[in-house]
Amino acid sequence: MQRPIVTVWSLLAVDVSEKDRKRSLVVMRQSPYGSSLSRASVDLALAMGAFEQDYDLLFMGPGVLQLVAAQDSEKIGVKNIGRILSSLPLYDMESVYVDAAALERYGLNEASLVLPVKLLDDPSLRSLLNDSDHLIGC
Amino acid sequence: MLLHTLNAGPDSTSFLDCLRSAQKGDAIVLLGEGVYCALDNSAARKKLDESPARLLALASDVSAAGLSDKASGIPLIDMDAFVALSEFYPRQLTWY
């Protein structure tokens, strides 16, 4: 007889009381189309939303490139990361934080992004990392 | 209090972002590609030494890279110590 496989989804769907709820921070550091890692982390965020986990997103370093508006990935045959990300507020995601230094380094600004974000300087970035219950580096 | 695990070389943005994120009370464990950041007299090592975080390196990876006598002053840890550290620090973040 085959043993039942415990899926990640069933593990995430643990029922916890309100006071025990933990807040996770997903740290996105990968550019959108250089590898499949960005897509995997976006899927993680969608799954966390579907299972009512409290989480925020932090885009850092090359990860800020996932947020660039007007992405059109149709001709390279992969899903449009920017479009998926722009839909995340519908899935109960609380806040989107962006590494301000990286944004500036790439010559971008808030207006060039697919959704409203909160810009963080280095000290605020360190506080955010320290104040989240769980960190998931992607 | 964060345990940062750095598995990226000195020329990566991961290395720089790890340095930027680490603060007093944190520890940075160098492993895999990350051990090259510990090279004596390198630019990366200079930056690491300026970090307020505690520095450690995984002994097996340092040996594998041939850096046993080229990464002086950085305490080496074995796998058991690494596991103990991951239990001690409430949060862990990986850089690769």
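**A walk through chains B and A**

Chain B holds 4 helices and 5 strands; helices here are DSSP runs of H or I with at least four residues, strands are E runs of at least two, and both are numbered from the N terminus. The structure is a predicted model, in which local features need pLDDT of at least 70 and side-chain atom pairs count only at pLDDT 80 or more, while totals for chains, interfaces and linings use all residues. Residues are numbered from 1 along each chain as its sequence is written, and chains are lettered from A and ligands numbered from 1 in the order in which they are written.

Let us begin with the layout of chain B. Along its sequence, chain B follows the pattern β-α-β-α-β-α-β-α-β. Its radius of gyration is 12 Å, close to the 12 Å that the globule rule gives for 96 residues, so chain B is as compact as a globular protein of that length. That radius is taken over C-alpha atoms, and the rule is 2.2 Å times the number of residues to the power 0.38. Along the principal axes, the C-alpha atoms of chain B fill a box of roughly 30 × 30 × 20 Å.

Two residues are in contact if their C-beta atoms, placed from the backbone, lie within 7 Å. Among the contacts in chain B with a separation of 6 or more, 69% come from residues 24 or more positions apart.

Now look at strand β3 of chain B, residues 54-58. Since 4 of its 5 residues are buried, β3(B) is largely enclosed by the rest of the structure. β3(B) pairs with strand β2 (residues 27-30) of chain B in the parallel sense over 4 bridges; two strands count as paired if DSSP finds at least two bridges between them. In this pair, Ile28(B) has Leu55(B) as its bridge partner in β3(B). From β2(B) the chain crosses through helix α2 (residues 43-50) of chain B to β3(B), and this β-α-β crossover is right-handed: with the strands pointing away from the viewer, the path from the first strand over the helix to the second runs clockwise.

β3(B) is also joined by 2 bridges to strand β4 (residues 76-77) of chain B, and these two strands run parallel. Here Ala57(B) stands opposite Leu76(B) in β4(B). Together with helix α3 (residues 59-64) of chain B, β3(B) and β4(B) make a right-handed β-α-β unit.

Turning to chain A, we find an open sheet of 5 strands in the order β4-β3-β2-β1-β5, with parallel pairing. β4 (118-120) and β5 of chain A stand at the edges with a single partner strand each, so one side of each is left without a neighbour in the sheet. From one strand to the next, the twist averages 25 degrees, where angles run from 0 to 180 degrees between N-to-C directions and axes are lines fitted to C-alpha atoms, for helices over the stretch in contact.

Finally, where do the chains meet? The contact takes 12 residues from chain A and 12 residues from chain B. On the side of chain A that touches chain B, α5 (122-131) and β5 (134-137) of chain A are the elements that give two or more residues. α5(A) gives the most, with 5 residues.

Conventions:
A residue is buried if 20 or more other C-beta atoms lie within 10 Å of its own, exposed if 12 or fewer, and partly exposed in between; C-beta atoms are placed from the backbone.
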